[in-house]
Amino acid sequence: MISLVYSEDYKKHDDPHHPENKERLNVIMSALKNEGVLDEVDVISPELASREDILRVHPKAHVDYIESFSKKGGGYLDFDTYATPDTYQIARLSAGGAITASELVLNGYKSAYSLARPPGHHATSNRVMGFCIFNNMAIAIEYLKEVHKIKKFLIFDFDAHYGNGTADIFYQDHDVLYISIHQDPRTIFPGTGYIREIGSGSGEGYNLNIPMPPGSNTQDYVYILQKILPPVAQQFGADFYFVDVGFDGHMDDPLSSLSLKDDFFEWIATKMMEITESMVLILEGGYDLNALSRCNIRMIEALKDNKKGTDYYKNYYKNDLKVSDETKRRYKKIKDMFSPFFKL
Ligand SMILES: [Zn+2]
């Protein structure tokens, strides 16, 4: 059974002239309704993250600054991250969605998907960045560590952009393995996320980047993820799984130069279900409204109907992948770079 964590209040953080606006949730929710998917999943309201929850990740001065900036009417916190008078509260609700989704999985749901905004994976502990205010996933992870004494986490992030905030927060933490596939940082925001960024200190080897050349398509992604995700996940042995869900790698998306088609978002759901019994998914990017709504349906339906998706894609992607030589080279480079940590 899958649950969606959602609140209409997420639309109170909005700038209609910005690509990260409330229409993103409008199109997803109306597509889910029109396709009849809403009748087959549980839709649950998020709890507001407490100040204490936020403060496990972000320093008090930073949280106070966002609160007062919002209360004074909002505006631009940096060149591409806006706040409205409601943003402080709604960012807490977005972080709360990640916590609520985590609780749902602990209570027996196979998957819980937080359909929340503002997104979170670019937010570092002391800086808003890339449309993100608080790091929703990091807040949920620190909550799970403290409240439920859960130890080892695997994060898989397939947003087109490197989740630099999440990576940074856990960069020295060997209990949080962050795996990200994204467009090559030489060609896209935030300009980091190279293979050589592998974590540091005791976290060395627990930050695994898969930067993909512009134009990479579903077959390139399937090829490299099949070779990396299952063995690394198996060797790491996480207690809890997070998926950072971004739809901006779609070929129609205005903010990336990747060439994924709709089928990737169904395939990755089936792949994750082979890797883990349960997971929390958190919405990040995705800015072409048509692709965003279609691909959400594909992914959510795959999660809802586990077996069908798995069987279909096992056959579909077994043979005959047409993969670029550059993708093969990058796999080899990752395999070599991570050989002290994981057998690939
Ligand atoms: Zn993105």
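These notebook entries record what I looked up in a predicted model.

**Entry 1. The sheet**

I began with the strand order. The model has an open sheet of eight strands, ordered E2-E1-E5-E10-E9-E6-E7-E8, with parallel pairing. I then asked which strands stand at the edges. They are E2 (42-44) and E8 (207-212); each has a single partner strand, so one side of each is left without a neighbour in the sheet. From one strand to the next, I noted an average twist of 15°.

E7 and E8 run parallel and are joined by six bridges. One entry I checked there is Tyr178, whose bridge partner in E8 is Asn207.

**Entry 2**

I next turned to strand E10 (279-283). How many of its residues are buried? Five of its five residues are, and I recorded the strand as mostly covered. I then sorted the side chains by direction: Met279, Leu281 and Leu283 point one way from E10, while Val280 and Ile282 point the other way, and all are buried. For reference, I noted that side chains in a regular strand alternate between the two faces of the sheet.

On the E5 side, four bridges join E5 to E10, and the two strands run parallel. Ala112 stands opposite Val280 in E10. On the E9 side, strand E9 (residues 240-245) also runs parallel to E10, with four bridges between them. Here Asp244 stands opposite Ile282 in E10.

**Entry 3. Val5 in strand E1**

I located Val5 in strand E1, which spans residues 2-5. Is Val5 buried or exposed? I counted it as buried because 28 other C-beta atoms lie within 10 Å, against a cut-off of 20 or more.

I then listed its contacts, leaving aside neighbours within four places in sequence. Val5 is in contact with Ile44, Pro46, Gly97, Thr100, Ala101, Ala112, Tyr113, Ser114 and Leu115. For the pair Val5 and Pro46, I recorded a separation of 41 residues in sequence and a C-alpha to C-alpha distance of 5.9 Å.

Helix H4 (residues 87-106) lies across E1, E2, strand E5 (111-114) and E10. I noted that H4 runs at about 170° to E5.

**Entry 4. Helices H1 and H9**

For helix pairs, I took the angle between the axes and the distance between the axes as the description. The axes of helix H1 (residues 23-34) and helix H9 (residues 289-304) come within 9 Å and cross at roughly 45°. H1 and H9 are therefore oblique to each other, and H1 passes H9 in a right-handed crossing.

I listed the residues that meet: Glu23, Arg24, Val27, Ile28, Ala31 and Leu32 in H1, with Leu289, Leu292, Ser293, Asn296, Ile297 and Ile300 in H9. By class, the residues of this contact are eight nonpolar, two polar and two charged.

**Entry 5. Helices H7 and H8**

H7 contributes Thr218, Tyr221, Val222, Leu225, Leu229, Pro230 and Ala233 to the contact, and H8 contributes Asp263, Phe264, Trp267, Lys271 and Ile275. I recorded nine nonpolar residues, one polar and two charged in the contact of H7 with H8.

Technical notes:
Residues numbered from 1 in each chain as written. Predicted model: local features only at pLDDT ≥ 70, side-chain atom pairs only at ≥ 80, totals over all residues. Buried ≥ 20, exposed ≤ 12 C-beta atoms within 10 Å, placed from the backbone. Contact = placed C-beta atoms within 7 Å. Pairing = 2+ DSSP bridges. Axes fitted to C-alpha atoms, helices over the stretch in contact; angles between N-to-C directions. Parallel < 35°, antiparallel > 145°, perpendicular 65-115°, else oblique. Left-handed = near helix turned anticlockwise from the far one by under 90°. Nonpolar A, V, L, I, M, F, W, Y, C, P; charged D, E, K, R; others polar.
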